[in-house]
Amino acid sequence: MWWLKNVRVVDPECISIQVRDVLIQGDRILKISDSLTQEEALKQFGQNSQKGKADLKEIQVIDGTGKYLFPGLIDVHTHLREPGQEEKEEIVTGARAALRGGFTTILAMPNTKPVLDQRALVEFVVLQGERAGAARVYPIGAITKGQSGKELTEMVDLASGGAKAFSDDGRGVQNAELFRLALEYVKLTGLPLISHCEDEGLAQGGSMHKGEVSARLGLKGIPSSAEAVMVARDLILAEETSGKLHLAHISAKESVELIRAAKKRGVDVTAEVNPHHLIFTDEALLDSEYNTSYKVNPPLGSSEDQQALLEGVLDGTLDMLATDHAPHTWEEKMKPFGEAPFGIAGLETALAAVWTYLVKPGKLSAETLIKNWSLNPSRRFNLPGGAVQEGGIADVVLFDPERIEKVEPGWFASKSLNTPFLGRELQGFSSMVWVGGELRYQRDQD
């Protein structure tokens with residue numbers, strides 16, 4: 001039993017933050033109150049105890065003055081690399097990294113080796129997630145077998161095995177008719193289809209955003225149209241089929257405009273944006289000496305793209321934040337820029353980075369952050385959590401907005417440290433994280 005006193009409870013639905021006392025018993029939030037006396041707390045716990053009473057010795061009291069109580073963050077776009085690429089990340093290390101970052105639930109993308117295109121592989125990820133005993137881990141099944149873009153997987157069977165969505169992330173489904181059929185088929189599961197929006201013909205061989213900066217650096221660029229063309233296609237197909245569509249890692253201003261218009265027409269679509277696209281632009285590469293930590297797909301865009309993404313978050317066009325945690329070995333990322341793999345390892349730095357660069361300067365409110373990183377993902381993907389409410393699941397995070405840490409090698413729970421925040425100080429970190437009422441992470445015990 002837990003008694004969290006004087007915490008600032010964030011309510012993303014009512015767009016409010018209020019100082020409250022919160023009681024946790026078992027896996028549920030028992031009571032939320034303005035303030036509680038010791039006698040009142042004991043009475044509340046006792047009423048819900050088989051013994052009919054509660055002993056003060058059984059209650060762990062936490063003074064949360066000055067700290068926030070968030071519903072656990074939910075990351076719908078994580079690469080855990082297992083099975084097949086355990087040198088980069090394992091499910092257990094990724095799940096522990098998620099807890100450090102304030103995430104109680106993560107969705108694991110299927111572009112592993114082998115691809116998660118069979119029920120046994122999906123069930124393997126579920127089992128490994130349970131064994132990790134950290135953040136909740138749910139797999140995403142592949143849309144096509146082997147992610148080859150030729151033949152649909154048995155989505156109903158994958159859903160029965162525990163898949164929470166379907167995606168060929170890492171490669172867009174290039175065949176429009178196959179993607180249309182997938183939107184039809186996925187309706188049998190009730191789950192979303194996640195699109196990696198990239199026209200491979202337009203993007204081929206590029207390593208950063210196509211524009212003035214790529215020209216100055218002499219690097220082959222990827223045009224915004226490589227994303228926007230596929231966003232437009234997928235929105236049209238979702239409208240035609242009434243399929244449930246989710247668009248991954250939106251990065252271009254043209255895409256935001258297309259999604260905004262589609263939502264006004266009633267298309268069943270949600271979309272996510274990554275923190276690095278909100279914080280950095282392609283200009284970061286000018287002063288970084290071709291630092292491959294900034295090499296991501298889709299690439300960091302222009303300042304106009306960045307502003308459009310932020311406006312999309314604020315007006316609800318973009319419903320979610322997602323890390324796109326993409327761990328790689330140090331040796332891979334030390335290759336020349338054009339040869340290095342795309343991706344940033346983000347689970348442990350994402351919340352602190354957003355707090356430091358967006359919330360503190362007043363560009364984004366704490367309520368909007370939680371709505372987009374907890375409530376909306378919970379509802380769209382039918383996942384536990386999403387709100388701090390009486391009777392709700394106790395997936396919660398005690399967050400310290402004043403804590404400052406320097407991101408250095410040896411700081412990570414993840415196996416990888418391919419992040420542009422390496423060597424930087426960030427502010428705002430999780431202090432304690434509960435999953436199903438069980439304390440699974442405490443920062444001072446790192």
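Contact here means heavy atoms within 4.5 Å. Helices (H or I, at least four residues) and strands (E, at least two) are DSSP runs, numbered from the N terminus. This is a predicted model, in which local features need pLDDT of at least 70 and side-chain atom pairs count only at pLDDT 80 or more, while totals for chains, interfaces and linings use all residues. Residues are numbered from 1 along each chain as its sequence is written, and side-chain values use heavy atoms, with hydrogens and water left out.

**View 1**
Helix α13 covers residues 350-359. Of its 10 residues, 9 are buried, so the helix is largely enclosed by the rest of the structure. Buried means under 20% relative accessible area, exposed means over 50%, and partly exposed lies in between (1.4 Å probe, protein chains only). The buried residues are Ala350, Leu351, Ala352, Ala353, Val354, Trp355, Thr356, Leu358 and Val359. They pack against the strands β5 (68-71), β6 (73-78), β16 (396-406) and β17 (425-435). They also pack against the helices α10 and α14 (366-381). Trp355 belongs to a cluster as well: ring pairs link it with Tyr68, Phe70 and Phe399.

Rings of Phe, Tyr and Trp (its six-membered ring) pair if their centres lie within 6.5 Å; planes under 30 degrees apart count as stacked, over 60 as edge-to-face and the rest as tilted. The count by this rule is 13 aromatic pairs. One of them joins Phe280 and Tyr294, with ring centres 5.2 Å apart and planes at 90 degrees, so this pair is edge-to-face. Both residues sit in the loop between α10 (275-279) and α11 (303-315), 14 residues apart. Phe280 and Tyr294 are both buried.

**View 1. Lys295 over two rings.**
A charge sits over a ring if NZ of Lys or CZ of Arg is within 6 Å of the ring centre and within 35 degrees of the ring normal. Lys295 lies over the face of Phe337, 5.7 Å from the ring centre. Lys295 also lies over the face of Phe342, at 4.7 Å from that ring's centre.

Two packed helices are described by the angle between their axes and the distance between the axes. Axes are lines fitted to C-alpha atoms, for helices over the stretch in contact, and angles run from 0 to 180 degrees between N-to-C directions. Angles under 35 degrees count as roughly parallel, over 145 as roughly antiparallel, 65 to 115 as roughly perpendicular and the rest as oblique. The axes of α5 (residues 176-185) and α8 (residues 225-241) come within 9 Å and cross at roughly 40 degrees. These helices are therefore oblique to each other. On the α5 side, Ala176, Phe179, Arg180, Leu183 and Glu184 make the contacts. They meet Arg233, Asp234, Leu237, Ala238, Glu240 and Thr241 in α8.
Helix α9 (residues 253-264) packs with α8 at an angle of about 15 degrees, the axes 8 Å apart. The two are therefore roughly parallel. Here Glu227, Ala228, Val231, Ala232 and Leu235 in α8 meet Glu254, Ser255, Leu258, Ile259 and Ala262 in α9.

**View 2. Leu99 and helix α2.**
Leu99 lies in helix α2 (residues 91-100). Its relative accessible area is 3%, so Leu99 is buried. Leaving out residues up to four places away in sequence, Leu99 touches Ala134, Ala135, Ser430, Val433, Val435, Arg440 and Tyr441. The axes of α2 and α3 (residues 119-132) come within 9 Å and cross at roughly 55 degrees. Therefore α2 and α3 are oblique to each other. Ile91, Val92 and Ala95 in α2 meet Val125, Gln128, Gly129 and Ala132 in α3.

**View 3. Backbone details in the loops.**
A cis peptide bond joins Lys113 and Pro114, with omega about 10 degrees. Pro114 is in the loop between β7 (103-108) and α3. Another cis peptide bond joins Asn297 and Pro298, with omega about 0 degrees. Pro298 is in the loop between α10 and α11. Glu289 is also found in the loop between α10 and α11. Glu289 is not a glycine, yet its phi is positive, near 55 degrees. With a relative accessible area of 72%, Glu289 is exposed. Asn382, in the loop between α14 and β16, has a positive phi of about 55 degrees. Asn382 counts as exposed, at 61% relative accessibility.
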